[in-house]
Amino acid sequence: MTNSPPRSLITRLGIPPTLAWGYLGLLLFMIGDGVESGYLSPYLIDQHLSESRVALLFTVYGIAAGIAAWLSGVLSDLWGPRRVMWAGLGIWGVFQVLFLTAAIPLTSYPLMMASYGLRGLGYPLFAYGFLVWIAGVAPRARLGTAMGWFWFAFTGGLPTLGSLVASGLIPQIGAYATLWAALVLVAAGGLIALLLVRDDHGGKRPRAEGEGPVATLVGSVTILWRNPRVGVGSVVRVINTASQFGFFVIMPIHFTKTVGFTLTEWLHLLSAMFATNIFANLLFGVLGDRFGWRRTIAWFGGAGCTVSTLLLFYVPHAVGANFSLALLVAAFYGATLAGYVPLSALVPTLEPKHQGQALAALNLGAGASTFVGPAVVAAFVGTLGVEGVVWIFAGMYAVSTVLAHFLTLPEPSAKDTAGTADTAPAAASAPA
């Protein structure tokens, strides 16, 4: 009997060693992308743009980001993740330079629409291209943890550390120069990831017969019914953050006008909510590998969000503007949103031969949640009020708890576990 060689700290943490620089690059990239998140809107209004024009600009940016999130998986299947990430970095850099050197100085709204809108294609191609790369490298037994680290880096940069960097730089160098600093951070992060990561899985994969560009593009949609479990996973992903985007519409008004918090207090609650979410992303990634991906999604995500959504409304409603109690329920809600993190590990595992297409379908669900949430608010808040809308979201989470039980995993192949001590725990694939 021979002793296994000691594993590195990075491996013990659940980060694929060959991709370690990629995680650091992703964090820096997303910090740069998040720099503007807390102040670009008022800055553009100060440049004499109307609120409606700024809102339309952000809407176009969001549409572009949603399209790119879907395409990232498709293109990763066609080109390989590394080329997709290069495309994302190039798009972000070129259109940020155009935005800063022409659109803003000229106060040209058409140029802003073109440059900022098209820049929205950049970060999803870079970030979600890396997500596909992780799915192809991480051993199945530690895939949930690897995905947890991805979301830790992603949400740690956007908006959390990005907004913190902006708050420190703006008083020193001004709002406009801070946008240039964002470009430096994005470029640094992108180059670290793309030049220092040495892994063959980032290249173009062999293409099977009949898998041309059009077939792959169509396949990223038809996979929703070709493999119904992937379709179910996409629906669960829509439900995951639907309430988050819906609450962005109604909760600021409810907490300030009805409950009685100040706007500053509400913003602090929001900060606590997503600061908790960052660390919970990592926690539930690790827990998913031990407790089971489906179990984690169903009970900590679905059931947890069912409870936390109701508490977020009823606790402040019952006790009034008690900041300490509101802070607890806001943090609880932010943590339970992260209970769905193992979806990023589970869904590509459901379709191992077309992981890019499966992740494209999952990203399609993520993009859909950005308008499903506000659409629920728009359709029902007038007749049911905020309380009724909260119950609709809680019901959606309860449905996702049931749906998660249908996400049964295929049996691991020999190569999933060969050559590694990280064999899949029974809980990772056992029935929930």
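Modeller: Asp-33, Glu-36 and Arg-119 are linked in a network of salt bridges, a salt bridge being a side-chain nitrogen of Lys or Arg within 4 Å of a carboxyl oxygen of Asp or Glu. The model is a predicted one, in which local features need pLDDT of at least 70 and side-chain atom pairs count only at pLDDT 80 or more, while totals for chains, interfaces and linings use all residues. Residues are numbered from 1 along each chain as its sequence is written, and side-chain values use heavy atoms, with hydrogens and water left out.

A search of the whole structure finds 2 salt bridges. In one of them, the side chains of Asp-33 and Arg-119 meet with an N to O distance of 3.6 Å. This pair links distant parts of the chain, since Asp-33 belongs to helix α2 (residues 20-34) and Arg-119 to helix α6 (residues 109-119), 86 residues apart; helices here are DSSP runs of H or I with at least four residues, numbered from the N terminus. Both Asp-33 and Arg-119 are buried, where buried means under 20% relative accessible area, computed with a 1.4 Å probe and protein chains only.

Glu-36 also forms a salt bridge with Arg-119, and here the closest N and O atoms are 2.9 Å apart. Glu-36 lies in the loop between α2 and α3 (40-46), whereas Arg-119 is in helix α6, so this pair ties together parts that are 83 residues apart in sequence. Like Arg-119, Glu-36 is buried.

How values were computed:
Helix = DSSP H or I, 4+ residues; strand = E, 2+ residues; numbered from the N terminus. Buried < 20%, exposed > 50% of the residue type's maximum accessible area, 1.4 Å probe, protein only.
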